[in-house]
Amino acid sequence: MVDFNFRKVTVGRGGEEEEMMSYDDVEIEGMEWNEELKAYTYPCPCGDLFQITKEDLRLGEEIARCPSYSLYITVIYNIEDFSTQSGQRKIAYY
């Protein structure tokens, strides 16, 4: 049995806010870039991967979702590393 340490977070997507339980807080440096998925990934206990795209990060999203399971993680990162400045993207690659 997997022991979960949930934390309540409020997320907004599509103009609606919902409260849900975050499985874990993960630093972006602890995630892996997956070229095939075009997303940062982190292992989910179900065997799949939590995923969040650079565009999501640029927009201020901090919730990475698992497509196969109902768990979410909160991604800790500096939004300035993914912001657009002078028409050029300043994206940090980890």
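Which residue lies over the face of Trp33? Lys54 does, at 4.1 Å from the ring centre. Here, a charge counts as over a ring if NZ of Lys or CZ of Arg is within 6 Å of the ring centre and within 35 degrees of the ring normal.

## About the model

This is a predicted model, where local features need pLDDT of at least 70, side-chain atom pairs count only at pLDDT 80 or more, and totals for chains, interfaces and linings use all residues. Residues are numbered from 1 along each chain as its sequence is written, and side-chain values use heavy atoms, with hydrogens and water left out.

Let's follow the strands (DSSP runs of E, at least two residues, numbered from the N terminus). Strand 4 (residues 32-34) pairs with strand 5 (residues 39-43) in the antiparallel sense over three bridges; pairing takes at least two DSSP bridges. Trp33 stands opposite Tyr40 of strand 5. Four residues separate the strands of this hairpin, and Lys38 in the turn has a positive phi of about 55 degrees.

Strand 5 also pairs with strand 6 (residues 49-52), again antiparallel, over four bridges. In that hairpin, with five residues between the strands, Gly47 has a positive phi near 105 degrees.

## The aromatic cluster

Trp33, Tyr40, Tyr77 and Phe82 form one aromatic cluster. Rings of Phe, Tyr and Trp (its six-membered ring) pair if their centres lie within 6.5 Å; planes under 30 degrees apart are stacked, over 60 edge-to-face, and the rest tilted.

The whole structure holds four aromatic pairs. One of them is Tyr40 with Phe82, edge-to-face at 6.2 Å centre to centre and 85 degrees between the planes.
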